[in-house]
Structure formats: structure tokens, C-alpha cells
Amino acid sequence: MIIKVRATVEKYGMLRKGAKVVAAVSGGSDSMAMLYILNSLKEEFGFELCAAHVNHGLRGESADRDERLVAEKCAEIGVPLHVLKADVAALASEKGIGVEECGRQVRYDFFNSLGSDITIATAHNLSDRVETFLFNFARGGALRGLCSVPAVRDNIIRPLIDCSKAEIVDFCNKNSIGYATDETNSDVHYSRNRIRHNVVTELEKINPSFQTCALRCIDSLNEDEAFLRSLSNEIIEKSKKSGGYDASVIAEAPAPVKKRALIGIIEREFGITPENKFINSLCALLESSGNLQINGGITVRVRKGTLDFPPESEQPESAVFNDGKAVFGSAEIETEIININAINNLQNFSKQVLDYCLDCDKIIGKLTVRSRMAGDKITLASRGCTKSLKKLFNELSVPPEKRSSVAVLADDCGVVLVEGAGCDKRVAVTGATKRMAAVKIKRS
């Protein structure tokens with residue numbers, strides 16, 4: 001297997017002379033085999049090697065056992081070891097993210113903290129690659145997702161990427177390399193374990209060489225993806241202009257290239273990948289004009305044929321009412337003050353009209369009209385439950401590119417009315433109301 005790993009390292013140019021390599025070692029068979037193989041190759045390739053282990057604090061004594069095992073083996077073969085103990089469950093709760101995602105962040109933050117210009121070696125193998133391929137396939141992943149785990153990404157290398165799990169376990173057993181077994185690996189409640197124990201085993205009954213054949217397919221998909229990405233990079237460079245990108249140049253590209261160009265631009269500008277649900281909307285935006293908010297906070301705009309990313313200050317500004325009138329984008333908003341004592345019966349007003357009426361005496365401070373802001377919430381008088389405006393717009397099927405133009409009326413205490421939805425319970429008209437402001441919104 002050492003010969004196979006050496007071939008993989010050379011194939012992908014993983015290790016340069018003088019590199020500082022941090023081996024991520026969990027204590028399992030994959031990472032222990034990788035540690036031993038890298039240690040045997042370090043003189044041949046001329047790199048420095050150390051190991052790093054993270055105790056996530058999730059598995060009690062089992063996690064402590066793994067830590068001790070890694071420490072013993074590193075001392076045995078003379079590889080320096082760095083250990084981090086973290087309460088990942090508490091951190092995940094604090095950050096409001098999943099435990100798995102939080103654990104990954106903790107690990108890579110730790111690895112990268114061990115030095116500048118380091119290379120991180122992880123023990124992902126062929127079986128992991130095949131399982132990821134099947135997992136993404138089951139979720140409807142596009143070509144990029146079907147390419148599965150890359151052999152090299154940024155400063156991360158995966159020397160075992162062409163070795164199967166069976167080969168790795170056999171190598172450990174033959175070379176008396178001790179390793180820990182994670183008891184959760186057999187729990188088929190986890191999707192990846194179901195794929196490993198149920199799906200892959202069935203496919204291997206059809207073709208005993210299934211994993212090797214799947215590798216050929218994945219490699220072929222990676223070649224296709226690399227070619228399409230190179231075409232999209234050409235489109236990105238061609239579309240560059242002062243102040244942004246030429247929307248027509250991107251729009252004229254074939255769909256697979258156009259989508260990758262848009263993804264590539266956003267990754268270059270913000271360092272994140274747009275969620276799949278926004279890709280088609282981004283493509284449609286190229287041939288029109290307006291704003292589209294993606295990934296919960298990035299605004300993409302097409303204006304006068306230029307695709308750009310307006311800063312927050314260029315979003316629609318708030319407007320103060322003057323003599324009961326305000327202009328917000330293409331909307332003219334008017335409030336008519338009505339004295340309840342001057343009308344015969346409040347019930348003569350329809351529910352639809354009352355949804356757009358505010359109790360004047362419940363408005364705190366100055367009334368303004370603006371676009372949605374992060375954290376905005378409303379308790380609709382007609383529903384009685386509190387929702388974020390983001391969730392409300394989703395329920396109302398307001399397209400992301402139009403959300404910044406929806407009129408939001410607010411006072412000093414928060415949102416009082418949302419165009420297309422109604423008023424907040426806090427300022428709703430009741431039997432005790434003396435003066436109400438009837439809001440009318442006209443669009444030109």
C-alpha cells in the first residue's frame with residue numbers, strides 16, 4: 001500500500017520538498033495507517049511531519065482512549081503530536097450550528113493554527129469517496145457534488161484517496177498498527193453508515209470491483225468538471241469590467257458554463273459558494289435588472305447591464321413620512337388619520353382594510369418606511385404568531401430579488417406593518433382605539 005500511496009502523492013503533486021505536514025490523526029485505522037506511511041515517506045520526499053489530534057469531548061472515555069492511543073503511537077515512532085480538547089457540543093449550541101459542522105470548524109482552525117504555510121493531511125480514502133458520491137447522488141447533487149472528495153483542496157491533501165477501507169485495515173493488521181474503532185460507525189441511523197453497510201455491500205454483490213469502477217467514474221467526472229470550470233474562468237475574465245462584470249457576456253454562455261461562472265464570481269468576491277436554490281434565480285437576474293439576496297446576506301445586483309454587489313449603503317434608504325406621505329422606490333405610501341368617533345361602526349371596515357390600519361396612539365416615536373433589516377420580526381395581528389420577515393417572505397413566495405423593495409413600516413420599537421402581509425399585533429386597531437392611521441400603498 002505504501003507504493004500505492006507514493007503513486008497518489010506523485011500523481012497529484014501533494015508533497016513538496018521542505019513542506020510542513022500536519023497529519024490529522026483521530027486514532028482510527030485510516031489515520032493511523034496514514035501516519036505510519038507518511039512517516040516512512042518523509043525522508044524520500046523531504047518534508048517535516050507532525051501529528052494533530054482533536055478530542056471533541058463527545059464520546060466520554062472512548063474519546064480519551066483514542067487520545068491516549070494516538071499519543072502512544074506518535075511517541076513510539078517519534079512524530080511530534082499536538083492535542084486539542086474541546087467541548088464541541090457546547091460550542092455548537094453557542095454558535096447555533098450543527099455539532100458535525102462545529103467539529104469540522106474546530107478541527108481545521110486548530111490544524112491551521114499550528115504554523116504558517118502548512119499542509120494538512122487527512123485520511124479520507126476511496127471508500128469515503130464512493131460513499132460521498134452516493135450520498136450526493138441520492139440528494140440530487142450536480143456534477144460538482146458527484147466529483148466527491150477531491151484529492152487536493154487548497155492546503156489539504158488526502159494521500160489515501162485511492163486506497164479502499166479493506167486495503168487500509170489489511171495494512172494495519174499486517175504491520176501490527178494498533179487503531180481504535182468508533183462504536184458509532186455501525187449505527188445505521190446515520191446516513192453515511194446506511195450507505196456503507198447497506199448500499200455499498202449490495203452494489204458489491206452486483207460487481208465485486210464496484211469501488212474501483214466507481215473511482216474510474218469519479219475521476220472521469222472530475223476531468224469534465226475541470227474542463228467546464230476552465231471555460232467558466234475564461235468567461236469570468238472576459239466579463240470583467242469597471243465596477244463589476246458584464247452581465248450579457250455571462251448570460252450568453254452555455255448554461256453549465258454560465259452557472260459555474262456565477263458561482264466562481266461569488267466565490268472570488270466573498271469566499272463562499274452560493275446555495276443551489278439561488279443558482280437559477282441568479283441566471284434569470286442576468287437578463288433583467290434588480291437585486292437578489294443570496295446566502296442570507298449577500299446582495300447581487302444587475303443594473304444597466306452590469307452585475308455587481310452593492311454595499312449596504314446602496315440598499316433602498318428609509319423614508320420619513322411628511323404630511324402623511326412617503327416615497328419608497330416605486331411605492332407611494334399614504335396614511336389617512338381617521339377619528340373612530342367620527343365613523344358610525346368600525347365593523348363597516350373590511351378585515352383587509354383593518355389589516356392595513358394602525359392605532360395611532362400605539363406608534364412609538366417616528367414612523368418610517370424602509371426595506372427589511374436583519375433581525376426584523378412581526379407578530380401579524382391576523383395570525384397571532386411571531387415570524388422573522390425572512391420566513392414570512394418565504395411563506396408569501398416573495399422572490400429573493402424583490403424582497404429589498406417590499407415596504408416595511410417601522411417605529412422606534414420595530415416593525416409595525418409589512419406590505420402584502422398586514423400590521424403587527426402591537427399596533428392593531430381594537431375596540432379601544434381612538435384614532436387610526438389607514439395605510440395605502442400604491443405602486444407605479
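Let's start with a pair: arginine 129 makes a salt bridge with aspartate 219, and their closest N and O atoms sit 3.6 Å apart. Arginine 129 belongs to helix H6, residues 126–138, and aspartate 219 to helix H10, residues 210–239, so this pair ties together parts that are 90 residues apart in sequence. The arginine is buried, too, with a relative accessible area of 2%. And while we're on salt bridges, ones that share partners join Glu225, Arg229 and Arg260 into one network.

Before I go on, please keep in mind that this is a predicted model.

How many salt bridges does the structure hold? The count is 25. Let me show you two others. Lysine 85 pairs with glutamate 67, with 3.9 Å between the closest N and O atoms. Here the lysine comes from strand S3 and the glutamate from helix H3, residues 61–77, so the bridge links parts 18 residues apart in sequence. Lysine 85 is exposed at 58% relative accessibility, whereas glutamate 67 is buried at 16%.

Then there's aspartate 66, whose side chain meets that of arginine 65 in a salt bridge, 2.8 Å from N to O. Aspartate 66 is buried, at 7% relative accessibility, and arginine 65 is partly exposed, at 33%.

Okay, on to helix H5. It runs over residues 99–112, so 14 residues, and spans 20 Å from its first C-alpha to its last, close to the 20 Å expected at 1.5 Å a residue. Which residues of H5 are buried? They are Cys102, Gly103, Val106, Tyr108, Phe110 and Phe111. The cover over those buried residues includes strands S1, S2, S3, S4 and S6, along with helix H4.

Let's pick up S4 from that list. That strand covers residues 118–121, and threonine 119 lies in it. Threonine 119 is buried, with 7% relative accessible area. Beyond its neighbours within four places in sequence, threonine 119 contacts Met14, Arg16, Ala19, Lys20, Val21, Val22, Asn155 and Ile157.

Last topic, cysteines. The structure holds 0 disulfides. Cysteine 217 is partly exposed, by the way, at 34%. For cysteine 413, the closest cysteine sulfur is in cysteine 423, 15 Å off, so again too far for a bond. Cysteine 413 is exposed, with a relative accessible area of 54%.

That's my tour.

Methods: Residues numbered from 1 in each chain as written. Predicted model: local features only at pLDDT ≥ 70, side-chain atom pairs only at ≥ 80, totals over all residues. Heavy atoms only, no water. Disulfide = S-S within 2.5 Å. Buried < 20%, exposed > 50% of the residue type's maximum accessible area, 1.4 Å probe, protein only. Helix = DSSP H or I, 4+ residues; strand = E, 2+ residues; numbered from the N terminus. Contact = heavy atoms within 4.5 Å. Expected span 1.5 Å × (residues − 1). Salt bridge = Lys/Arg side-chain N within 4 Å of Asp/Glu carboxyl O.
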